[in-house]
Amino acid sequence: MKKLILSAALATVSVSSFAAGGHGPAGCGLGSQVFSDANAWYEHVLAATTNGTSGNQTFGMTSGTLGCEDANGPFSSSVAVFINDNLEPLAVDSAKGHGETLAALSQLIGVESQDQKVFEDAMQSNFDSIFASADVTSASAYQEIVDVMEQSPELAKYLG
């Protein structure tokens, strides 16, 4: 119950955003290269549209170009962005030990089906450290998830 209350409190807290990898909200790709100095909403929309219509982010991540050089870190930047965008539902699912957002995170990380339950159990049993307070940020949750995975022999292999 305490975990669900904390999860609900997270829903009311404004989450500070961070741009993983140093690129803007459109992510890495051709759009972020063309609109590298984007600071207005329409420039971000144009960058995201360019990325989405040209399908270049996958190329950038696999080749390490177009600003996607950080895609091969412990987690890819897309995991950090996912946590940033889904912190509240991720906290709720982590408290329960299952759910759509938690499953999506594990798929994004690349957790194989045989380790899925280990991942979910680790997230649930470490909920108090990952989501330590209502003031948790996506950056701190990201780091705590990495720390939890490092402590598990089954999950450490996914850190790269």
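The pLDDT is the predictor's confidence in each residue, on a scale from 0 to 100. For the predicted model considered here, the chain averages a pLDDT of 80, and 77% of the residues score at least 70. Among the elements of the chain, the highest mean pLDDT, 96, belongs to helix α8 (residues 116-125), whereas the lowest, 51, belongs to helix α1 (residues 2-12). Over residues 9-20 the pLDDT is below 50, although this stretch has 26 contacts in the model beyond near neighbours in sequence.

Aromatic side chains were then examined, with rings taken to pair if their centres lie within 6.5 Å. By this rule the count comes to two aromatic pairs. In one of them, the ring centres of W41 and Y42 are 5.9 Å apart and the planes stand at 90 degrees, so this pair is classed as edge-to-face. W41 is exposed, with a relative accessible area of 66%, while Y42, at 46%, is partly exposed. The rings of F127 and F131 also pair, with centres 5.2 Å apart and planes at 35 degrees, and this pair is therefore tilted. F127 is buried, with a relative accessible area of 1%, and F131, at 0% relative accessibility, likewise counts as buried.

Burial was also considered along helix α6, which spans residues 87-96 and in which L87, L90, A91, D93, S94 and A95 are buried. In an α-helix there are 3.6 residues a turn, so residues three or four places apart point the same way. Helix α6 is followed by G97, which has a positive phi, near 85 degrees.

Notes: Residues are numbered from 1 along each chain as its sequence is written. Side-chain values use heavy atoms; hydrogens and water are left out. Buried means under 20% relative accessible area, exposed over 50%, partly exposed in between (1.4 Å probe, protein chains only). Helices (H or I, at least four residues) and strands (E, at least two) are DSSP runs, numbered from the N terminus. Rings of Phe, Tyr and Trp (its six-membered ring) pair if their centres lie within 6.5 Å; planes under 30 degrees apart count as stacked, over 60 as edge-to-face and the rest as tilted. Contact means heavy atoms within 4.5 Å.
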